[in-house]
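Hello,

Here is the structure I said I would pass on.

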Amino acid sequence: MRILFLITLFLFCIGMTCINCTPDNDLWARLIAGEHIVENLNVLKYDFLSYTPTHPWYDHEWGASIFFYLALKHFGSEGLIVLKGILIALTMFFCYKTIELNKPKSTVSYNILYFAIMFLAVEQNMGQTIRCLLFTSLFFSIFLYLLEKARQGKTKSLILLPIIMLFWSNIHGGALSGIGLIGIYCVGEFLNKKPIKWYIVTLLSSLAVLFINPYGIEYVKFLFYAGTMDRTFITEWTSPFDKYYIGEYLKYKVYLVFIILTSAIYLIKNKINYKNLDKTKLLIILAMIYLSVTHIRHISFFVLTTGTLLYNEFYSIFNSFIDKFKFKNEENRKTFNLAKNVIVYFLLLLISIPQLLNTNKEIKITETKYPRFAIEFIKINKIEGNLFINFDWGSYAAYKLYPNNLIVMDGRYEEVYNPDLLLQLKDFHLVKDDWYKIIRDYKTDVMILEKKYPVFEEIKKHKDWKLVFENNLSGVFIPTSKLKKHYYLPIPNDEYYNKTLFNKFN
């Protein structure tokens, strides 16, 4: 059953990632950085894609960029899809190993349906296609496994954490979550009145290796600055319970209620009080609940951690409920369990295997995702210069149009830009306060504006700008002083845009 479980788990995780393959907005900047690093054997330290002021580029995702670029270069877009599936599958595998480590008393450690539910609860938060956060989710699950192993007296496992941290911190800045996790174990085990010397040594060692990076001490200062800065206007850093997301992230919200109810029932049923409560587990679960409630980005940490650490609690309740249904004999119980497993495994494999066998696995975009017609319009008409474009579309435009066009800003945000630039972008799109300041301060040669924002209609009335192309999503504006007599129109061909998605200048 373990072998069947592991095979199904990997096939399910990889297969499910093939279903929704819309690219993440930051993927394009990652590919640009990855290409530069691989082809030039050095890490980018200054931005070359933008026309607005930038500071030194502290690329906390430079290691992930290498993986992304190599996957695309050698395996095409299918490589990016499968890489995401492998990262998620490995993350779930270490969740399983942690559950197995804690020796479930009332069930086996490989109930596949439980893991499938965890995957579905976390999948939306991990993005439609590959993103750097997946590396952090994997390393976080490994840290959780090794820390739990240390709690069982195998403290030698802690030696691996600083070594892993060396790689983690150079792949994704989310490595700070690993530092936080070690810190929680220090406090929790202290409250449990257990020895914490080796936890403290591990924490200090892991902090020390953060300084081994291409940027030196400035990188560490940047990580802590970035980890505490305000990102009010960036979607994934807002709360999933914000009024704008009431009807979204429903899988997570159901899972949150499920976890809270399960924990409450278990505590009441087993008469758990503070004295016999596992303080480490309590601190971790409370921390993860808080992080997921306050930030969409942290939902995956909550699901993976609570799903792993509360496995025993859930099945002790679940099995006590099932036991109320009397079987005539043990043979009937075995028959029931076998039938249940056959159905569950069959359905999961039925969903995943066709996706894996599909030879047309491609990352695709639609006109509602990116202004591909507007960008094609700029390309075929050879409109060069500084391009003003939406924050979410910046990296895609840079990938397609550099070096003929520089962008105003993209999702690299704190890595490259000054924080006030995003506020200027917001004011411009919403036509608030001195909204035209960003155009007045920085030379702009062409604009792609999204029609849903008030500024679209405002610029249409502006004497210095002329709308030269529009469709349902956006429009292209050119200064009236630079108008041409004739412009070519892009061909609305979905197949062309998806076939050339990763082709630069096409």
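Salt bridges and the sheet

At 33% relative accessibility, Glu78 counts as partly exposed. Please keep in mind that this is a predicted model.

Glu78 has a charged partner: its side chain meets that of Lys361 in a salt bridge, with 3.1 Å from N to O. Glu78 belongs to helix α3, while Lys361 sits in the loop between α14 (330–357) and α15 (372–380), so the pair ties together parts that are 283 residues apart in sequence. Lys361 is buried, its relative accessible area being 10%, which is under the 20% limit for that class.

A second pair is that of Arg412 and Asp47, whose side chains form a salt bridge at 2.8 Å, N to O. Here the residues come from two loops, Arg412 from the one between β2 and α17 (420–430) and Asp47 from the one between α2 (27–40) and α3 (62–101), so parts 365 residues apart in sequence are tied together. Both ends are buried: Arg412 has a relative accessible area of 3%, and Asp47 has 14%.

A pair within one helix was also found. Lys221 forms a salt bridge with Glu218, and their closest N and O atoms are 3.3 Å apart. Both residues lie in helix α9 (residues 217–228), with a spacing of three residues, about one turn of the helix. Glu218 counts as partly exposed, at 34% relative accessibility. Elsewhere, salt bridges that share partners join Arg30, Asp59, Glu61 and Glu415 into one network. For the whole structure, the search finds 31 salt bridges.

Now the sheet. Five strands form an open sheet with mixed pairing, and their order is β2-β1-β3-β5-β4. The edges are taken by β2 (405–407) and β4 (465–470); each has a single partner strand, so one side of each is left without a neighbour in the sheet. From one strand to the next, the twist averages 30 degrees.

Within that order, β1 (residues 385–389) and β3 (residues 446–450) pair in the parallel sense over three bridges. If you want a place to start looking at this pairing, take Leu387, whose bridge partner in β3 is Val446.

Regards

Technical notes
Residues are numbered from 1 along each chain as its sequence is written. This is a predicted model: local features need pLDDT of at least 70, side-chain atom pairs count only at pLDDT 80 or more; totals for chains, interfaces and linings use all residues. Side-chain values use heavy atoms; hydrogens and water are left out. Two strands pair if DSSP finds at least two bridges between them. Helices (H or I, at least four residues) and strands (E, at least two) are DSSP runs, numbered from the N terminus. Axes are lines fitted to C-alpha atoms, for helices over the stretch in contact, and angles run from 0 to 180 degrees between N-to-C directions. A salt bridge is a side-chain nitrogen of Lys or Arg within 4 Å of a carboxyl oxygen of Asp or Glu. Buried means under 20% relative accessible area, exposed over 50%, partly exposed in between (1.4 Å probe, protein chains only).
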